[in-house]
Amino acid sequence: MGKKDITLQDFLGDPYIFADLFNGCCFGGEPVICPEELFPLDSVQCTQNNSGIPGKKIRDTKKLLYRGEPAAVLAVENQEYTDYRMAVRCMRYDADEYERQIKEIMSRHKAQEGISYFGEEDRILPVLTIVLYYGKEEWKRPRTIHDMLDFSRGRVFRVKIPDYPLQVLSVRIDINIELFRTELREVMGILQRVDDKAAMRRFFAENREAFSKMTERGFEVIVCSTNSRKLRRYIMKNTEGGHVNMCKAFDEWMEDCRMEGKALGIRIGEERGQKRGEKRGVKKGEARLSQLILKLGAEGRAADILRVAEDASLRNRLYRKYGL
């Protein structure tokens with residue numbers, strides 16, 4: 001599990017954030033789920049492989065919805081990259097959870113009546129799993145089990161074989177952050193703009209008050225998504241009482257990147273232009289940096305664009321890679 005997944009999993013583990021995610025993504029922002037109704041469930045699920053050998057799978061985040069008595073099982077799977085097995089994975093996760101509940105009921109009957117069984121009147125809890133996809137590329141498929149099945153030599157079976165929809169939500173496309181009521185709105189807003197520094201800057205400016213009260217869990221997600229070590233330092237400097245003045249930290253980071261980028265262009269220009277004059281050398285240094293940024297942008301490497309002004313070794317490696 002990568003660092004981005006771990007920080008996002010920790011963030012979504014907060015019942016207020018978890019409830020806000022489901023309310024905003026599944027119920028149009030209506031407060032259908034209250035954080036007080038959510039209780040953590042063991043994310044380790046027992047399963048079996050194709051040979052019947054017992055094993056286990058670990059889910060990202062799973063909670064029990066409790067309303068006087070258990071009402072539903074809710075789960076979130078985080079994905080940074082498209083997984084073409086995801087429909088089967090989620091179907092298996094849900095089936096394993098249903099099997100766990102059946103075994104629990106059978107054990108209860110055994111303890112109470114001496115007989116292990118699952119009866120006509122017994123019921124299991126519904127399971128709702130959503131896949132939170134925060135990758136760059138559009139998630140096109142699969143969105144159902146049928147997307148994974150080859151019906152080319154047996155189209156007649158399509159209407160007979162049950163489908164299983166995948167509840168996949170792309171952060172960049174499918175999520176309306178205005179439906180959220182917690183700092184999930186600001187975190188998702190950054191994830192939607194992580195490849196566009198100008199858009200990110202505008203979003204901060206428009207939501208300064210909210211960012212000034214950001215929790216440490218929230219800023220961890222933002223730091224990991226921007227992949228900036230300097231932003232982490234500025235945030236730590238502006239943290240007090242468990243809350244981060246994210247706006248102030250971001251302002252300092254942006255200014256530092258701007259000044260360092262300017263200094264970098266001048267320094268490179270001086271190094272390359274000693275024999276042709278300082279002015280011409282500065283322009284060449286800036287052009288070299290611009291060419292590197294354009295190449296990174298063309299490859300969709302926005303995170304590396306932010307890092308080149310901070311990491312000299314990375315910058316030099318990329319210069320050599322692209323022959324600049």
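## Basis and overall make-up

Because the model is predicted, local features need pLDDT of at least 70 and side-chain atom pairs count only at pLDDT 80 or more, while totals for chains, interfaces and linings use all residues. Residues are numbered from 1 along each chain as its sequence is written, and side-chain values use heavy atoms, with hydrogens and water left out.

The secondary structure comes to 12 helices and 10 strands, where helices (H or I, at least four residues) and strands (E, at least two) are DSSP runs numbered from the N terminus. Of the 324 residues, 41% count as buried, a term that means under 20% relative accessible area, with exposed meaning over 50% and partly exposed lying in between (1.4 Å probe, protein chains only). The protein exposes about 18,200 Å², of which carbon and sulfur atoms supply 52%; these areas come from the Shrake-Rupley method with a 1.4 Å probe, and for residues only the protein chains shown count as cover. Among contacts (heavy atoms within 4.5 Å) between residues at least 6 apart in sequence, 59% join residues at least 24 apart.

## Helix α2

Helix α2, residues 15–26, has 12 residues and reaches 16 Å from its first C-alpha to its last, close to the 16 Å expected at 1.5 Å a residue; the expected span is 1.5 Å times one less than the number of residues. At the N-terminal end, Asp14 caps the helix, with a side-chain oxygen 2.8 Å from the backbone nitrogen of Tyr16. After α2 comes Gly28, whose phi is positive, near 60 degrees.

The buried residues of α2 are Ile17, Phe18, Ala19, Asp20, Leu21, Phe22, Asn23 and Gly24. Their cover includes the helices α1 (3–12) and α4, together with the strands β1 (38–40), β4 (61–66), β5 (70–79) and β6 (127–133).

Helix α3, residues 86–113, has 28 residues and spans 40 Å from its first C-alpha to its last, close to the 40 Å expected at 1.5 Å a residue. Its buried residues include Met86, Ala87, Cys90, Tyr93, Asp94 and Asp96, and just after the helix Gly114 takes a positive phi of about 80 degrees.

Met91 is also found in α3, but is partly exposed, with a relative accessible area of 32%. Together with Val88, Met148, Leu149, Val156, Phe157 and Ile161, Met91 forms a nonpolar patch on the surface, with about 560 Å² of accessible area in total. Such patches are made of residues with over 30% relative accessible area and no salt bridge, joining like charges within 9 Å and nonpolar side chains (Val, Leu, Ile, Met, Phe, Trp, Tyr) within 5 Å; a salt bridge is a side-chain nitrogen of Lys or Arg within 4 Å of a carboxyl oxygen of Asp or Glu.

## Two loop residues

Thr144 lies in the loop between β6 and β7 and is buried, with a relative accessible area of 17%. The side chain of Thr144 reaches the backbone nitrogen of His146 at 3.3 Å, and a polar contact of 3.3 Å joins the side chains of Thr144 and Asp163. A polar contact is a pair of N or O atoms within 3.5 Å; within protein, one must be able to donate a hydrogen and the other to accept it, and residues adjacent in sequence count only if both atoms are side-chain atoms.

Asp174 lies in the loop between β7 (168–170) and α4 (184–193) and counts as partly exposed at 37% relative accessibility. The side chain of Asp174 reaches the backbone nitrogen of Ser170 at 2.8 Å.
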